[in-house]
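Please brief me on this protein model.

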Amino acid sequence: MTIDSRQVAAGMLQAVPFARTLGFEFVEVAPEAEGGVRAVVRLPDSPATHNHVGGPHAGAMFTLGETASGAVVLAAFAHLLDRATPLAVRADIAYRKLAMGPVRATARLGRPPAEVVAELEAGERPEFPVRVEIATEEGKPTSEMTVIWTLRPN
């Protein structure tokens, strides 16, 4: 699988204006083993996104994780956009430690893309997880998130 990370980043920033508003930076979108995809998205440190203790607001971190998961979905399934619309179905986040400064969300596809595509081709509406770790720039994990996505046939 070949992934043009600049194209994925541009597509996400065009489709999701809120990602532009928060100033997200797309660090990496890359293939992994067995057709998987990894995306890393960064939230710079800014007083505009701080909470009451001076770190990134929980809402900004949630949006960061959801955006990173969306980049994974776009990279893995862009070839299906003419016949299916990706939609987030639900999400779960656990804030484990206080985050300060810039943070990065690393998202990974939780099922092989071929399985998801096979379900879509069988006339089903597949659901699949994208797991996200949010960490400081130094790599200290602060939050864990799982976003369940579907491909809704057009």
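A salt bridge is a side-chain nitrogen of Lys or Arg within 4 Å of a carboxyl oxygen of Asp or Glu. Side chains of opposite charge can pair when their charged atoms come close. The side chains of glutamate 144 and arginine 96 meet in such a salt bridge, at 3.2 Å from N to O. This pair links distant parts of the chain, 48 residues apart: glutamate 144 sits in strand E6 (residues 141-153), and arginine 96 in the loop between E3 and E4.

This is a predicted model, where local features need pLDDT of at least 70, side-chain atom pairs count only at pLDDT 80 or more, and totals for chains, interfaces and linings use all residues. Residues are numbered from 1 along each chain as its sequence is written, and side-chain values use heavy atoms, with hydrogens and water left out.

**Terms for the points below**

- Helices (H or I, at least four residues) and strands (E, at least two) are DSSP runs, numbered from the N terminus.
- Buried means under 20% relative accessible area, exposed means over 50%, and partly exposed lies in between (1.4 Å probe, protein chains only).

**Salt bridges**

- The structure holds 11 salt bridges.
- In the pair described above, glutamate 144 is partly exposed, with a relative accessible area of 44%.
- Arginine 42 lies in strand E2 (residues 37-43) and glutamate 25 in strand E1 (residues 25-31), so the pair ties together parts that are 17 residues apart in sequence.
- Arginine 42 is buried, at 16% relative accessible area, whereas glutamate 25 is partly exposed, at 35%.
- Another salt bridge joins the side chains of arginine 111 and glutamate 119 (2.6 Å, N to O).
- Arginine 111 is buried, with a relative accessible area of 17%, and glutamate 119 is partly exposed at 22%.
- Salt bridges that share partners join Glu25, Arg42, Arg104 and Glu137 into one network.

- E2 is mostly covered, with 7 of its 7 residues buried.
- In a regular strand the side chains alternate between the two faces of the sheet.
- Both faces of E2 are covered: Val37, Ala39, Val41 and Leu43 are buried on one side, and Arg38, Val40 and Arg42 on the other.
- E1 and E2 run antiparallel and are joined by 6 bridges; two strands pair if DSSP finds at least two bridges between them.
- Glutamate 28 stands opposite valine 40 in E2.
- E1 and E2 form a hairpin with 5 residues between them.
- Glutamate 34, in the turn of this hairpin, has a positive phi of about 55°.
- E2 and E4 also run antiparallel, with 6 bridges joining them.
- Arginine 42 stands opposite arginine 104 in E4.

**Helix H3**

- Helix H3 (residues 58-77) has 20 residues and reaches 28 Å from its first C-alpha to its last.
- That is close to the expected 28 Å, a span found as 1.5 Å times one less than the number of residues.
- H3 is largely enclosed by the rest of the structure, because 15 of its 20 residues are buried.

**Methionine 100**

- Methionine 100 is in the loop between strand E3 (84-95) and strand E4 (103-109).
- Methionine 100 is partly exposed, with a relative accessible area of 41%.
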